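Hello,

Here is the structure I promised to pass on to you. Have a look at it first, and then read my notes below.

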Amino acid sequence: MICDNITVGQNGHLLFAGQDTTALAKQYGTPLYLMDEDKIRENCRLYQSAFREHFGDKARPLYASKANSFKRIYEIMREEDMGIDVVSSGEIYTALQAGYDLSRAYFHSNNKTDEDIIYGMENHIGYFVADNVEEIKAIEAQAARRGIRQKVLLRLTPGIDPHTYEAVSTGKVDSKFGSAIETGQAEEITVFTLAQPHVELMGFHCHVGSQVFGEDIFERAAVVMLEFIADMKRKHGYMAPQLDLGGGYGVRYVESDPYLDVPTKVGQVAAAIKEACARLDIEMPEIHMEPGRSIVGAAGMTLYTCGTVKKIPGYKSYVSVDGGMTDNPRYALYRSAYTCLAANKMNEPADFTCSVVGRCCESGDIVQEGVQLPSSIGRGDLVAVCTTGAYNYAMACNYNRLPRAPIVMLRGGESYVAVRRESFADLCKNDL
Ligand SMILES: *Cc1c(COP(=O)(O)O)cnc(C)c1O
């Protein structure tokens with residue numbers, strides 16, 4: 001199976017985290033997001049123990065909460081002692097509702113508004129990750145008003161192309177994000193930031209892309225960043241205390257995706273970092289990474305009820321489900337691959353080729369094409385989509401006035417609602 005938390009019961013029902021998905025669909029209704037809480041915690045611990053082993057106690061993995069942001073997930077991150085990334089005031093608000101201590105939060109985004117900066121400072125956010133000089137000016141101005149010294153990291157682009165999908169590649173020189181090392185802008189912003197009285201430069205950040213499996217992407221990015229750090233030390237006498245390498249490790253969406261072993265990967269990055277530090281004669285900064293997808297992706301599964309099955313002889317066949325682009329827009333956005341399964345018919349051969357499509361009034365509302373399901377699939381059957389824990393609920397919308405699906409957490413053989421299903425009244429709650 002795609003992930004070790006997906007199995008099949010003797011009755012031919014798909015099990016997720018050991019629980020019968022057919023029973024869960026009956027209990028909570030569909031469309032339904034399931035989140036395997038034990039898997040989320042396991043992934044946090046994998047990163048943390050690898051970090052402790054290779055980078056020492058101060059280094060830390062930060063959960064990139066844009067991957068899946070809701071109150072309960074921040075409680076889990078608090079309990080697991082994880083740092084977090086946020087990218088908006090809305091994510092800060094949600095983390096605060098969970099009692100998360102924001103001194104361990106990093107505020108990203110290529111365009112923080114003044115309101116965001118003020119909101120972050122009001123709530124004593126630990127760090128801003130500044131994208132450009134203009135943003136440093138805005139942070140300096142707000143920090144000066146409050147008489148504080150705000151910690152920041154600078155987001156740099158190391159000029160590395162991870163060869164993943166264009167829309168999720170962010171580390172190239174011409175990216176919308178960050179200041180490029182190659183063009184000299186990274187040095188300019190460093191010098192500028194060091195001269196600001198109300199901003200404390202804590203180091204540098206980069207994020208090369210997402211769904212990265214490629215052999216040595218992080219290693220190469222780390223080396224470029226360390227060379228820059230050494231350069232700044234030599235030229236300006238500034239030694240960066242922190243180096244944040246961003247997120248991006250991939251997860252398995254389909255059988256052809258490789259397995260990625262986090263402890264092995266972190267070990268390889270650590271080896272490259274230690275070697276570079278020795279060569280450059282600098283002490284190793286505090287190392288951070290920002291996994292999002294690789295913490296929550298495989299911890300998620302979406303359940304749908306099948307409706308119309310349409311066979312167009314000589315052309316193609318469609319299996320329509322009761323959700324789609326409103327709960328998972330990723331195929332529409334990026335043609336992302338997913339594994340679809342007939343959750344109540346896992347013991348039947350999957351020999352019927354079809355497109356699994358959503359219920360929205362858009363031809364592009366497709367969950368996946370070229371899917372193999374049992375030929376008996378029909379109204380009332382249950383369709384599961386695997387690996388939906390990242391960038392699904394986080395990207396959900398109410399197009400066609402469809403209420404957002406709930407999130408049910410699975411923990412130690414039990415289940416509970418973390419986000420309830422939206423009601424029709426919720427849909428109108430802001431309508432005057
Ligand atoms: C999106 C993002 C991440 C998380 O990426 P994943 O692929 O989910 O691990 C981390 N850091 C930054 C700055 C990001 O934009």
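**Cysteines and ligand site**

Cys3 is buried, with a relative accessible area of 14%. Please keep in mind that this is a predicted model.

Let me stay with the cysteines for a moment. How many disulfides does the structure hold? There are 0. Cys3 takes part in no disulfide, and the nearest cysteine sulfur, which belongs to Cys386, is 9.0 Å away.

Now to the ligand. Which residues are the closest to it? They are Lys66, Ser210, Glu290, Arg293 and Tyr391, out of 15 residues that surround the ligand. By class, this shell has 7 polar, 5 charged and 3 nonpolar residues.

- Ser210: an N or O atom of its side chain is 2.6 Å from an oxygen atom of the ligand.
- Glu290: here the ligand contributes a nitrogen atom, 2.6 Å from an N or O atom in the side chain.
- Tyr391: a ligand oxygen atom lies 2.6 Å from an N or O atom of the side chain.

On its own, the ligand has 390 Å² of accessible area, and the protein covers 93% of that.

Best wishes

Technical notes
Residues are numbered from 1 along each chain as its sequence is written. This is a predicted model: local features need pLDDT of at least 70, side-chain atom pairs count only at pLDDT 80 or more; totals for chains, interfaces and linings use all residues. Side-chain values use heavy atoms; hydrogens and water are left out. A residue is near a molecule or strand if one of its heavy atoms lies within 4 Å of it. A polar contact is a pair of N or O atoms within 3.5 Å; within protein, one must be able to donate a hydrogen and the other to accept it, and residues adjacent in sequence count only if both atoms are side-chain atoms. Accessible areas come from the Shrake-Rupley method with a 1.4 Å probe; for residues, only the protein chains shown count as cover. Ala, Val, Leu, Ile, Met, Phe, Trp, Tyr, Cys and Pro count as nonpolar, Asp, Glu, Lys and Arg as charged, and the others, Gly among them, as polar. A disulfide is a pair of cysteine sulfur atoms within 2.5 Å. Buried means under 20% relative accessible area, exposed over 50%, partly exposed in between (1.4 Å probe, protein chains only).
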